[in-house]
4 protein chains.
Amino acid sequence: MSEPLVLTLSCADRPGITARVASFLFERGGNILEAQQFNDRGSDAFFMRVEFDPGSTGRERLRSDFASIAGEFAMEWKLALRDRPRRVLLMVSKFDHCLADLLYRWRIGELAMEPVAIISNHPRDAIGHTDIGSVPFHHLPITRETKAAQEAEVRRIAQECDAELVVLARYMQILSDDQAAHFAGRCVNIHHSFLPGFKGAKPYHQAYERGVKMIGASAHYVTADLDEGPIIHQSAEPISHADSPDELVRKGREIESRVLAEAVRLHLEERVLLNGKRTVVFRS
Amino acid sequence: MSEPLVLTLSCADRPGITARVASFLFERGGNILEAQQFNDRGSDAFFMRVEFDPGSTGRERLRSDFASIAGEFAMEWKLALRDRPRRVLLMVSKFDHCLADLLYRWRIGELAMEPVAIISNHPRDAIGHTDIGSVPFHHLPITRETKAAQEAEVRRIAQECDAELVVLARYMQILSDDQAAHFAGRCVNIHHSFLPGFKGAKPYHQAYERGVKMIGASAHYVTADLDEGPIIHQSAEPISHADSPDELVRKGREIESRVLAEAVRLHLEERVLLNGKRTVVFRS
Amino acid sequence: MSEPLVLTLSCADRPGITARVASFLFERGGNILEAQQFNDRGSDAFFMRVEFDPGSTGRERLRSDFASIAGEFAMEWKLALRDRPRRVLLMVSKFDHCLADLLYRWRIGELAMEPVAIISNHPRDAIGHTDIGSVPFHHLPITRETKAAQEAEVRRIAQECDAELVVLARYMQILSDDQAAHFAGRCVNIHHSFLPGFKGAKPYHQAYERGVKMIGASAHYVTADLDEGPIIHQSAEPISHADSPDELVRKGREIESRVLAEAVRLHLEERVLLNGKRTVVFRS
Amino acid sequence: MSEPLVLTLSCADRPGITARVASFLFERGGNILEAQQFNDRGSDAFFMRVEFDPGSTGRERLRSDFASIAGEFAMEWKLALRDRPRRVLLMVSKFDHCLADLLYRWRIGELAMEPVAIISNHPRDAIGHTDIGSVPFHHLPITRETKAAQEAEVRRIAQECDAELVVLARYMQILSDDQAAHFAGRCVNIHHSFLPGFKGAKPYHQAYERGVKMIGASAHYVTADLDEGPIIHQSAEPISHADSPDELVRKGREIESRVLAEAVRLHLEERVLLNGKRTVVFRS
């Protein structure tokens with residue numbers, strides 16, 4: 001088997017897209033390993049993800065050949081190596097449970113990523129519980145006055161590392177609109193609440209005050225409005241009257257780690273496509 | 001065994017309450033069958049629920065004897081027969097899945113209630129899918145102009161039936177502040193969203209538009225602010241991009257029925273105590 | 001839009017199947033509404049489900065045209081009207097919560113079925129909690145001696161009613177091997193345990209004795225071995241030490257109803273394909 | 001506030017136990033912080049857990065005073081410092097996800113434990129993904145011939161370290177009956193299946209073969225029969241036909257880590273009481 005590829009695409013829906021794409025692959029000796037499609041009848045949009053063994057046809061040849069189909073259907077599309085580890089920039093503040101979890105999953109080969117750098121607005125000591133190994137660590141403190149410069153430095157590091165994805169792993173700073181726009185579609189955040197409930201700061205304290213009976217977390221793409229980006233994954237768990245805010249924070253850590261790791265996995269495997277303010281998520 | 005009783009109480013927390021209550025029961029020949037307490041360290045309040053076999057001591061005697069302890073600790077308290085079916089008034093509009101579910105659970109003996117009346121702002125035909133048997137049905141249409149009169153009629157029926165609990169089983173009318181106050185602490189509503197997300201109308205359409213990955217429902221006591229009453233129970237389920245608003249409505253029906261039935265069961269069994277804007281829920 | 005069709009198929013996996021099926025539909029003016037496929041790399045088998053608007057091509061024409069493709073790939077396949085209510089025979093014993101739930105879902109239009117008959121080994125009175133309306137009811141008592149005759153009568157009624165699906169909605173009789181073989185692939189059972197745990201009788205009592213912390217239910221196709229048929233859907237819920245066997249039975253009713261209804265929905269919508277002793281379930 | 005204590009006890013149920021225990025504490029200046037009881041009507045047994053501030057009464061005085069009540073009711077009981085970290089011996093083989101998770105939770109102060117040693121039947125390198133810091137590591141290889149000696153060495157280390165709890169964090173060796181008996185009630189294992197389903201080896205492969213739609217994990221006390229010990233906690237998650245055995249293993253890791261950590265937390269906080277072959281678990 002050749003190195004598997006993954007093709008993702010979206011366009012306006014119309015008859016014949018599946019036939020064209022599948023025939024294109026078949027005629028070039030491709031063999032489909034996994035395929036999903038979604039015909040969004042609400043917006044008349046079409047989304048597709050195909051993992052395939054390209055056989056003897058080279059990736060560049062496939063890419064140039066597919067460009068004409070893509071043009072015909074006005075597709076947004078991407079053709080990528082399925083198993084190549086994506087280069088990931090991790091950002092964190094003081095709470096490192098998501099970071100520790102992601103690094104562990106990387107080390108045991110669960111997440112096909114290559115952590116190219118860790119950036120924190122706090123010193124290395126602040127995340128002393130986490131073994132970051134040889135991943136380069138950058139301490140980039142931030143204040144209202146230095147925000148623009150700090151964000152420029154983040155962009156510079158991201159570019160230098162050729163980062164394909166930025167993960168805000170409990171990075172407790174709101175990105176400027178420009179920064180959010182710069183990383184649009186390639187920056188995942190974990191919001192420590194079950195959006196759209198409890199936007200803003202201290203969601204577990206808000207949840208406690210409101211007396212809800214479940215808490216959750218939401219992983220989403222970052223947009224200018226931090227609480228409004230397209231949601232990739234969410235999960236929630238029951239709580240009781242006996243849970244203090246501290247206990248909610250403890251229970252929340254587990255949900256946050258799990259939800260962010262799943263969203264990162266889905267993104268790394270090219271399983272998330274943007275559909276306006278929503279996402280299409282093709283699980284296997 | 002005598003007919004079991006259930007004692008619920010709340011007061012400011014201080015040492016010795018459990019000892020006093022437990023000794024009180026023991027000295028009168030009572031035998032505890034199930035007991036829970038909650039020491040709320042946030043508000044320094046104490047909550048307790050005790051099911052017990054009263055032995056040979058009569059209920060009225062227990063009540064009068066307990067009054068002095070209750071006075072000493074400034075308790076809010078209630079002493080009730082555990083197994084006596086509570087008299088319940090059910091209110092519904094056009095969607096009768098919660099009503100059908102509650103009536104079925106009543107018929108098989110799962111809910112210790114006696115449905116004393118069903119009130120709808122729509123005619124009997126509107127809930128034609130539900131077998132209401134011999135439960136009296138009242139059609140009380142409502143318009144902006146007749147709202148006060150209609151609510152007065154609801155109160156009259158509730159009083160006439162001696163209803164102990166009012167269940168808004170997808171009753172799609174907002175109670176006036178006065179009506180909410182009248183039924184405070186004895187009126188349970190099912191909100192077809194996972195509060196505090198998607199308050200207001202058409203929550204499933206809101207959820208679809210926002211692109212969330214889970215939907216849920218919330219059962220709560222009714223207060224003047226329909227979306228803000230103390231929450232008794234919540235549940236949520238995963239959804240996907242492929243779920244249309246109609247499918248969310250379908251999935252929601254199941255969650256709503258389940259959540260409301262559980263909240264009603266908890267209330268009927270005297271397992272829910274108010275704690276300001278929150279609830280204490282003593283599950284077995 | 002013409003009346004939508006649904007095509008399901010399975011065969012040995014090889015390159016080009018998706019292309020052939022999708023091109024077949026496109027060339028005849030079909031428009032895909034929803035499509036899923038599964039390439040089972042464990043067994044090298046291929047499974048597909050396509051909902052489509054056939055445009056102006058008639059169903060019989062599609063069927064005869066597709067037969068040659070199907071022959072070429074040695075497919076098992078089915079082409080059906082998507083929205084035609086399937087004719088369903090319901091069987092029940094004394095516990096009617098699943099039956100009541102299915103009938104309610106049918107009445108509000110949630111399940112695209114037509115209940116053609118209800119068969120019970122107990123008299124009509126035994127399921128008195130359920131409003132069966134005008135669905136024909138057959139009381140077919142069964143003893144060891146009359147089992148063969150009773151089962152023959154069940155088959156006769158199924159044939160007479162032209163039943164496409166038999167649902168064992170807590171029908172507490174084990175089908176003979178012959179009966180199971182007769183209804184193979186078109187008879188769904190709800191097993192009131194979380195298979196493969198607690199096979200056999202009284203699973204909730206078994207669960208209580210073993211002290212498990214979750215209970216569940218399993219819907220599966222019936223095979224000669226009642227506890228071993230291909231599983232369609234399962235669900236589970238947490239329980240605690242305080243749950244008596246009776247409370248487990250109560251909690252179980254809700255899970256059973258939910259799991260069976262989902263399995264029936266999936267089957268009615270042609271979303272379940274057999275894969276040896278397992279199933280492929282194409283959710284939307 | 002003095003250092004909080006936790007009292008746990010079990011005995012045959014009879015009237016007056018709660019009154020005696022609560023009065024005992026009150027009379028000595030104790031103040032209850034959290035209390036739960038369970039009257040097991042199946043076995044007529046009584047279980048209780050009380051967290052309390054002892055006020056000015058010393059722990060030894062409380063212990064000796066309580067002994068007479070305990071004797072009177074023939075209680076099994078324990079009085080312990082609530083917040084003292086328990087000394088824990090961790091055992092692991094090649095898969096270190098549970099170990100890594102437990103150590104991380106310890107480092108951030110979530111688990112009130114002190115890891116006194118790590119024992120593995122594989123060399124230190126086998127768990128290279130985990131930062132064990134300065135926790136002593138013992139490599140104790142095991143073969144059929146050396147099993148008795150290896151187990152003796154485990155006991156020796158446990159004694160030397162004064163270990164109060166042994167956690168089998170994916171330790172893939174079956175303890176001998178003697179070893180299991182030696183650590184009875186103080187050895188927690190994570191079984192990577194949803195007991196009682198899929199006992200024995202390779203449960204995820206068994207689950208795949210059987211085609212179940214959910215997988216789970218079970219944490220339990222170790223007994224001579226590895227698959228039959230009293231269950232402390234379980235959890236399960238949905239899977240689909242598309243999940244290969246490898247993907248089940250991946251999903252399983254997350255469930256296993258979560259379930260074991262919760263069971264360890266519950267044990268460390270003295271929230272688990274044995275009730276024959278079952279457990280009573282007092283969550284807050």
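How much area do chain A and chain B bury between them, and what share of it is on carbon and sulfur atoms? The two chains bury about 2600 Å², with 58% on carbon and sulfur atoms. Buried area here is the accessible area (1.4 Å probe) that two parts lose on being put together, summed over both. This is a predicted model, in which local features need pLDDT of at least 70 and side-chain atom pairs count only at pLDDT 80 or more, while totals for chains, interfaces and linings use all residues. Residues are numbered from 1 along each chain as its sequence is written, chains are lettered from A and ligands numbered from 1 in the order in which they are written, and side-chain values use heavy atoms, with hydrogens and water left out.

The contact between chain A and chain B takes 32 residues from chain A and 32 residues from chain B, where contact means heavy atoms within 4.5 Å. The count of salt bridges between these chains is 2; a salt bridge is a side-chain nitrogen of Lys or Arg within 4 Å of a carboxyl oxygen of Asp or Glu. Glu228(A) pairs with Arg210(B) in a salt bridge, with the closest N and O atoms 3.2 Å apart.

On the side of chain A that touches chain B, at least two residues each come from strand S2 (31–40), helix H6 (203–210), strand S11 (231–238) and strand S13 (278–281) of chain A. Helices (H or I, at least four residues) and strands (E, at least two) are DSSP runs, numbered from the N terminus. S11(A) gives the largest share of that side, 6 residues.

Chain C and chain B form another interface. Here 21 residues of chain C are in contact with 21 residues of chain B, and about 1900 Å² is buried, 47% of it on carbon and sulfur atoms. In chain C, the residues that lose the most area to chain B are Tyr104(C), His129(C) and Arg250(C), together 30% of what that side buries. There are 4 salt bridges between chain C and chain B. In one salt bridge, Glu254(C) meets Arg105(B), with the closest N and O atoms 2.6 Å apart. Helix H3 (97–107) and helix H7 (245–268) of chain C each supply at least two residues of the side that touches chain B, and H7(C) gives the largest share, 7 residues.

Chain C superposes on chain B by a rotation of 180 degrees with 0.0 Å of shift along its axis (RMSD 0.0 Å). That is the relation of a two-fold axis. The same surface serves both copies, as 100% of the contact residues of chain C recur in chain B.

Within chain A, the division is into domain 1 (5–81) and domain 2 (86–281); the bounds come from an automatic or database domain assignment. Their C-alpha centres lie 31 Å apart. Between these domains of chain A, about 830 Å² is buried, of which carbon and sulfur atoms give 47%. The count of salt bridges between the two domains is 4.

How values were computed: Least-squares fit on C-alpha atoms with pLDDT ≥ 70 in both.
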